[in-house]
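Subject: Structure handover

Hello,

Here is the structure I promised to pass on. Please open it first, then read the notes below.

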Amino acid sequence: MWLLLAFLSAALLGFYDAFKKKSLRDNAVLPVLFLNTVFSSLIFLPFILISAFTPALNGTMFEVPVVGWEVHKFIIVKSFIVLSSWIFGYFGMKHLPLTIVGPINATRPVMVLVGAMLIFGERLNLYQWIGVMLAVLSFFMLSRSGKKEGIDFKHNKWIYFIVLAAVTGAISGLYDKYLMKQFNPMAVQSWYNVYQVFIMCPIILLLWYPKRKESTPFRWDWTIILISVFLSAADFAYFYALSYEDSMISIVSMVRRGSVVVSFLFGALFFREKNLKSKAVDLILVLIGMFFLYLGSK
């Protein structure tokens with residue numbers, strides 16, 4: 001069941017990336033991110049309130065149990081990690097083609113495996129090493145594809161932003177596995193969305209609002225709401241996948257990166273991005289690498 005949930009989460013993430021790209025085109029990044037956190041928290045706020053004041057959700061997967069500071073402090077850390085990844089990722093997504101961002105993000109399972117090796121003392125087998133090497137190779141091939149569009153991986157700061165987003169995303173994945181073994185999935189997902197709104201408020205007021213007239217102006221786009229809807233649904237499936245005792249973060253993380261297929265198709269069909277043939281080869285290498293990670297993790 002947890003593997004099916006991981007595949008569902010991957011498909012939803014692909015749509016999330018596409019709507020995020022659409023909403024960020026010629027738009028201010030920080031207000032879009034802020035509204036994403038607001039709408040996501042509004043999705044879960046009714047579950048928090050209903051669970052706290054009525055027994056209507058008792059015993060269901062939508063119940064948000066009342067927890068104390070000993071749990072909330074871990075959720076706040078989760079909020080900072082995720083928000084850091086989102087800030088890097090949103091800025092990178094705005095300035096780079098979706099067909100480049102997707103494959104870079106797809107290297108996260110490699111980072112999760114390396115993190116599991118360093119933190120939890122896990123050892124990679126032959127198949128996993130093959131998957132890691134293919135992912136590294138695909139990254140260098142992707143840099144060659146990017147040069148055809150004037151994107152120099154060594155000197156383009158937005159590439160570094162996407163890489164940092166992937167690294168912090170991998171850290172978040174490892175932390176999620178730790179959280180899901182101890183705490184209720186709905187409690188974590190609901191409250192980390194709420195905390196992100198409070199974290200984003202000073203960022204908006206201090207960093208964006210005073211200089212809003214000197215940068216790209218903000219414009220409303222209905223896809224901003226769809227970002228929150230698809231992300232919340234994707235994370236809901238993801239957290240419940242990790243809550244299963246026999247779930248493996250290495251496989252769940254790998255499957256979720258399959259979202260690159262959906263986002264790549266959006267980049268090709270709707271955003272009319274360039275050099276698709278060479279990028280498709282890079283994408284195939286990433287997918288083959290993910291397959292070897294799967295074989296090694298069985």
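**Salt bridges**

Arg-219 and Asp-221 form a salt bridge, with their closest N and O atoms 3.4 Å apart. Lys-22 belongs here too: salt bridges that share partners join Lys-22, Arg-219 and Asp-221 into one network. Arg-219 is partly exposed, as its relative accessible area is 32%. Asp-221 has a relative accessibility of 9%, so it counts as buried, the limit being under 20%. Please keep in mind that this is a predicted model.

The structure holds four salt bridges. In general terms, side chains of opposite charge can pair when their charged atoms come close.

One of the four joins Asp-176 to Lys-78, at 2.6 Å from N to O. This pair links distant parts of the chain. Asp-176 sits in helix H7 and Lys-78 in helix H3, 98 residues apart. Both Asp-176 and Lys-78 are buried.

Asp-17 and Lys-20 make another salt bridge, where the closest N and O atoms are 3.6 Å apart. These two residues are three apart in helix H1, so about one helical turn separates them. The background is simple: an α-helix has 3.6 residues a turn, so residues three or four places apart point the same way. Asp-17 and Lys-20 are both buried.

**The overall fold**

What is the protein built from, helices or strands? It has 12 helices and zero strands. The protein has 298 residues, and buried residues make up 55% of them.

Helix H4 is worth a look. Eight of its eight residues are buried, so H4 is largely enclosed by the rest of the structure. The buried residues of H4 include Leu-98, Ile-100, Gly-102, Pro-103 and Asn-105.

Leu-113 is in helix H5. Its relative accessibility is 3%, so Leu-113 counts as buried. Leu-113 and Ile-251 are 138 residues apart in sequence. In space, their C-alpha atoms are 9.6 Å apart.

**Cavities**

How many cavities of 30 Å³ or more does a search of the whole structure find? The search finds three. The largest cavity holds about 460 Å³ of space.

Its lining has 30 residues. Nearest the centre of the largest cavity lie Trp-86, Arg-108, Gly-169, Arg-256 and Arg-257. By type, the lining of the largest cavity divides into 15 nonpolar, seven polar and eight charged residues.

- helix H1 (2-24) and helix H3 (69-95)
- helix H4 (98-105) and helix H5 (108-119)
- helix H7 (157-180)
- helix H9 (223-243) and helix H10 (249-256)

**The largest pocket**

The largest pocket contains about 250 Å³ of space. It is lined by 14 residues. The closest to the centre of the pocket are Val-29, Phe-91, Lys-94, Ser-215 and Thr-216. H2, H3, H7 and helix H8 (185-208) each give two or more residues to this lining. The lining of the largest pocket divides into nine nonpolar, three polar and two charged residues.

**On the surface**

Which residues form a nonpolar patch on the surface? They are Leu-42, Leu-45, Leu-49 and Phe-53. Together they have about 410 Å² of accessible area. Leu-42 is found in helix H2, which covers residues 29-53. With a relative accessible area of 47%, Leu-42 is partly exposed.

Last, a backbone detail. Most residues other than glycine have a negative phi. Asp-26 is not a glycine, yet its phi is positive, at about 55°. Where is Asp-26? Asp-26 lies in the loop between H1 and H2. Its relative accessibility is 66%, so Asp-26 counts as exposed.

Best wishes

How values were computed:
Residues numbered from 1 in each chain as written. Predicted model: local features only at pLDDT ≥ 70, side-chain atom pairs only at ≥ 80, totals over all residues. Heavy atoms only, no water. Patch = residues over 30% accessible without salt bridge, like charges linked within 9 Å, V, L, I, M, F, W, Y side chains within 5 Å. Areas by Shrake-Rupley, 256 points an atom, 1.4 Å probe, with all protein chains shown as cover. Salt bridge = Lys/Arg side-chain N within 4 Å of Asp/Glu carboxyl O. Helix = DSSP H or I, 4+ residues; strand = E, 2+ residues; numbered from the N terminus. Buried < 20%, exposed > 50% of the residue type's maximum accessible area, 1.4 Å probe, protein only. 1 Å grid on protein atoms, 1.4 Å probe; cavity = no way out; pocket = protein on both sides within 12 Å on 5 of 7 lines; lining within 4 Å. Points joined across faces, edges and corners; volume = space filled by probe spheres on them. Nonpolar A, V, L, I, M, F, W, Y, C, P; charged D, E, K, R; others polar.
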